[in-house]
Amino acid sequence: MSEQATSYTCPNCGGSMHYDAALGKLKCDYCDSVFSVEEVKKAFAEKNQKGEEQGAKRAQSAEKEDWGGNVRTFHCPNCGAELVTDETTVSMTCPYCGNPAVLAGKFADVRKPDYVIPFRIQKEQAVEKLKQYYRNKKLLPGSFARDNQVKKIQGVYVPYWLFSGSVYADVAFEGTNSETHREGDFEVTRTRHYDVRRAGTVAFSRIPADGSTRMADDLMDSVEPYDYGKLCPFAYEYLPGYAADKYDVEAKDCEARADMRAANTAVEAMRSTVTGYGAVAERGRRTTVHREKTEYAMMPVWMLHTKWNGKDFCFAMNGETGKMTGNLPVSPGRTAAWFAGIMAVWAVLLLLVLSLIDGEVTTGNLLIALLCGGVAATVTIGAMVRQMKPVQTATRAAGYVREGGVRLEVSQDRYTHTTETRIRVESPDREGPHGGGPGGPGGPGGHRR
């Protein structure tokens, strides 16, 4: 038995329709008629209901297709072709006639989405955004932007779990304040140490975690955030013209990702209340997660696949905000050239400063200038490389803290002890071989207590 598919056909001419991101409505591919989601929802409510009922019967009978247990078949409502999909596909386009089809029955045996954020960015805009993404990337190989071509672009509704709740964080820190002064031949540093404790609750709303094994978690994390003000109650009518998957990762299997992000942010919120110290170090933490609600939403993502030098590159763009992300190749030649240039500029500037101070260019000054120039170049190149590799797993959830959601409950600061460091300072007027005297070469060095 094949799945029941719904084809959203135009009430005026019978042509296929798709959801138009620019209009926020469904548009006929032939006569350009436009209909609101609510209008189409009412017109196709019966077909979608039949699809869900058929899907429920399939789930009850656990019927397996000849193709195997992990795939399903359906007939295109437009041309009649028998098409094969996997178990998670909810919306697709017929490769024979180009007709969008929605398989409502795929949600019969699993939780139906609570919300959807409709696409706002169109395909042409996504391609242009990718071109803009290449710009001002100094380490990008010159031929990449020129020869790299988009091989495939697909708008996909990705299943996300949205977790709301709170975290109680109890964190211990050590705070220190230091002061340094001169006592005779010694430079003395006294450091006061404090035990610091902060504890409180931080409330979060809708921390996202994608529920699809098809999508790389770090790539999906990197297209955040979504504008939750654009969440709409889920309706099939937003899907035509885009691919859509139901989740194949259960909410309970995504909880750890959301919990980790929330806990880290709660600890940082406690740390931000520790003030008045020259240095603060975390000594221990205890966090407890309280989950309140889990919601299921479909989020719009443009997936763009390109090929360059025989390698595949995948980019993702938030279909609502337009944020683009994806790792880019780094040119070794350009990296070396930039490193040498940055190092040379810093070294020359520093050498000029040192020569003005000493009145001459010495070998020591040259070595110092080259060393500092190398450090500056390393730091700068590191930042430039990170710009080329922005895809990373999210470890924080600061953007999902509820307004007024940070509540400090414990604030304790307790002085514990003072440490002292004494370092002998060489005096230029002291007598002795080489002007070192008792504190010079061979004499007793600085000491600490």
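Me: What makes Ala394 count as buried?
Reply: Buried means under 20% relative accessible area, exposed over 50%, and partly exposed in between (1.4 Å probe, protein chains only). Ala394 has 15% relative accessibility and therefore counts as buried. Ala394 is found in the loop between α8 (363-388) and β16 (401-424), where helices (H or I, at least four residues) and strands (E, at least two) are DSSP runs numbered from the N terminus.

Me: Which residues does Ala394 touch, not counting residues up to four places away in sequence?
Reply: With contact meaning heavy atoms within 4.5 Å, Ala394 touches Asp221, Met260 and Arg261. Ala394 and Ala258 are 136 residues apart in sequence, yet their C-alpha atoms are 9.3 Å apart in space.

Me: Why is the pair of Tyr157 and Tyr242 called edge-to-face?
Reply: Rings of Phe, Tyr and Trp (its six-membered ring) pair if their centres lie within 6.5 Å, and planes under 30 degrees apart count as stacked, over 60 as edge-to-face and the rest as tilted. Tyr157 and Tyr242 are 5.7 Å apart, centre to centre, with 80° between the planes, and form an edge-to-face pair. Because Tyr157 lies in strand β9 and Tyr242 in the loop between β11 (232-233) and β12 (243-245), the pair ties together parts that are 85 residues apart in sequence. Tyr157 counts as buried at 0% relative accessibility, and Tyr242 is buried too, with a relative accessible area of 7%.

Me: What makes the pair of Trp308 and Phe313 tilted?
Reply: Trp308 and Phe313 lie 6.4 Å apart, centre to centre, with 55° between the planes, which gives a tilted pair. Both residues are buried, and together with Tyr133, Tyr134, Phe144 and Phe315 they form one aromatic cluster.

Me: How do you know that Lys137 lies over the face of Tyr133?
Reply: A charge sits over a ring if NZ of Lys or CZ of Arg is within 6 Å of the ring centre and within 35 degrees of the ring normal. Lys137 is at 4.6 Å from the ring centre of Tyr133 and lies over its face, as Arg422 does over Phe186 at 5.0 Å.

Me: What makes a set of residues a nonpolar core, and which members of the largest one touch the most others?
Reply: A nonpolar core is a set of buried Ala, Val, Leu, Ile, Met, Phe, Trp, Tyr and Cys residues joined through side-chain atoms within 4.5 Å. The largest has 95 residues, of which Met17, Tyr157, Met220, Trp302, Leu304 and Phe315 touch the most other members. Strand β9 (residues 149-183) supplies the largest share, 12 residues. A second, separate core of nine residues includes Phe74, Leu83, Met92 and Cys94.

Me: Where does pLDDT stay under 50?
Reply: The pLDDT, which is the predictor's confidence in each residue from 0 to 100, averages 89 over the chain, and 88% of the residues score at least 70. Residues 62-68 stay under 50, with 11 contacts beyond four places in sequence in the model. Residues 431-449 are also below 50. Where pLDDT is low, the predicted coordinates should not be read in detail.

Key. Residues are numbered from 1 along each chain as its sequence is written. Side-chain values use heavy atoms; hydrogens and water are left out.
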